[in-house]
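This report covers the domain layout of the chain shown below and the surroundings of its ligand.

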Amino acid sequence: MNHLQGKTIILGVTGGIAAYKAAYLTSRLTQKGAVVHVIMTESAKQFITELTFQSLSKQRVYSDTFQERDPASISHIDLAGSADLVLVAPATANMIAKMAHGIADDMLSTTLLATTAPVMVAPAMNVHMYRHPAVVSNMNTLYDRGVQFIEPGDGLLACGYVGKGRLEEPDTIVSVVEAYFAGQAAPESLLLAGKKVLVTAGGTVERIDPVRYISNDSSGKMGFALARAARAMGADVTLIAARTDIAPPQDADIEVVRVESAQQMYEAVAGRFGSADVLVQAAAVADYRPKQAAEAKIKKSVDNMVLELVKTTDILETLGKAKTKQFVIGFAAETGNTEGYARDKLVRKNLDLIVANDVTLAGAGFGTDTNIVSVYDVEGLVFDLPLASKDEVARKVLAVAAGRLNGVLQ
Ligand code: CTP
């Protein structure tokens with residue numbers, strides 16, 4: 001089925017060397033039956049002509065807001081209202097900044113403010129510009145407003161640097177747009193439809209004797225929020241919970257497996273990992289356990305007692321290194337140097353994402369209903385949330401995982 005047939009797409013072309021690729025993009029979208037209205041910025045016209053887009057789209061090309069050719073209508077409002085999707089490709093740092101700040105000083109930025117259609121942005125710029133905190137912050141603002149980013153892996157840029165910043169290949173952009181229209185009937189509610197998601201929660205219990213144990217402050221709330229969010233996105237969810245302060249979600253559609261120790265959690269997770277699409281390791285797993293758990297209650301005798309501890313299996317590291325198709329997400333609760341430790345764990349454990357928080361901050365960490373997190377992938381910061389509910393953190397983390405699993409980079 002051709003999902004682009006009859007769809008109205010506004011293609012915003014901004015001024016970068018990659019503007020020429022927008023010509024091919026226009027051609028592909030048009031061939032697939034979409035009605036493509038191109039809006040160019042003034043600087044885009046330095047790189048490519050209106051006539052190119054007009055010939056390929058067979059539609060009038062817009063650039064100047066005040067070039068009103070039809071007295072009965074106002075172009076940017078009409079265009080904005082007619083769109084099923086607005087795609088900005090290539091999007092310069094300047095246009096991304098205008099979008100983030102609501103500036104409307106040309107036809108494209110005005111249309112972007114006037115539209116209620118979904119917006120996709122394919123950035124293209126120099127790698128240093130791409131990593132500039134201003135650009136990262138503007139992109140985060142737009143991401144939070146629901147703008148979808150289409151970004152490539154590394155590639156050679158026109159300026160000679162290698163890195164992220166290059167425009168995604170037009171054929172891939174077309175695939176993302178097609179996937180969007182194909183899945184439009186089922187947006188967020190089915191982002192993880194058909195996917196098997198394993199979530200761990202709580203703190204493991206390492207027995208000293210039948211009445212005593214070593215554990216930690218994990219409440220289980222973050223893991224539970226993740227399990228609920230994954231289920232709400234249509235996933236088939238298994239929640240593997242160790243000791244928790246509250247009861248696991250009662251949703252009959254979430255399979256709950258109770259475990260105690262790190263070893264039991266390892267066995268429960270490893271046994272299901274092969275058929276899983278996503279592993280979210282939110283549990284606080286003990287790093288050490290008593291070498292010997294006494295069979296009977298240890299009696300008070302000597303003045304100084306030494307408890308010998310041995311390392312537990314690092315579940316995340318073992319499975320991260322063994323992963324094939326699985327998208328693996330780890331957590332790092334730190335009390336300082338959060339980014340450094342988290343990114344080190346991401347690499348060491350071969351993770352796709354790591355959700356890091358500094359548990360010393362008010363509103364973050366154990367027992368609270370909120371969290372303050374920064375999420376990293378191997379290239380750096382993906383997004384951060386200053387103070388959000390654990391439900392919101394869960395939704396955003398899983399939305400990134402879903403996007404990447406479905407081939408839509410975010
Ligand atoms: N983890 C795990 N198995 C372990 C220890 C940790 O699966 N035996 C997982 C945690 O569930 C978490 C991530 O690894 O998702 C990071 O845990 P953390 O305790 O912060 O990292 P460690 O590697 O144990 O490093 P350290 O304790 O030195 O900070």
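## Domains

The chain splits into domain 1 (8-185) and domain 2 (190-405), with bounds taken from an automatic or database domain assignment. Between the C-alpha centres of domain 1 and domain 2 the distance is 39 Å. Five residues of domain 1 and seven residues of domain 2 make the contact (heavy atoms within 4.5 Å).

About 500 Å² is buried between domain 1 and domain 2, 36% of it on carbon and sulfur atoms; buried area is the accessible area (1.4 Å probe) that two parts lose on being put together, summed over both. On the domain 1 side, N140, Y143 and K164 lose the most area to domain 2, together 69% of what that side buries.

## Basis of the model

The model is predicted: local features need pLDDT of at least 70 and side-chain atom pairs pLDDT 80 or more, while totals for chains, interfaces and linings use all residues. Residues are numbered from 1 along each chain as its sequence is written, and side-chain values use heavy atoms, without hydrogens and water.

## Ligand surroundings

Around the ligand are 15 residues, of which Q281, A283, D287, K345 and K349 come nearest (near: a heavy atom within 4 Å). Helices α12 (315-322) and α13 (338-348) and strand β16 (327-334) each supply at least two residues of this shell; helices (H or I, at least four residues) and strands (E, at least two) are DSSP runs, numbered from the N terminus.

For D314, a side-chain N or O atom lies 3.4 Å from a ligand nitrogen. The protein buries 77% of the 570 Å² that the ligand exposes when taken alone (Shrake-Rupley method, 1.4 Å probe).

Technical notes:
A polar contact is a pair of N or O atoms within 3.5 Å; within protein, one must be able to donate a hydrogen and the other to accept it, and residues adjacent in sequence count only if both atoms are side-chain atoms.
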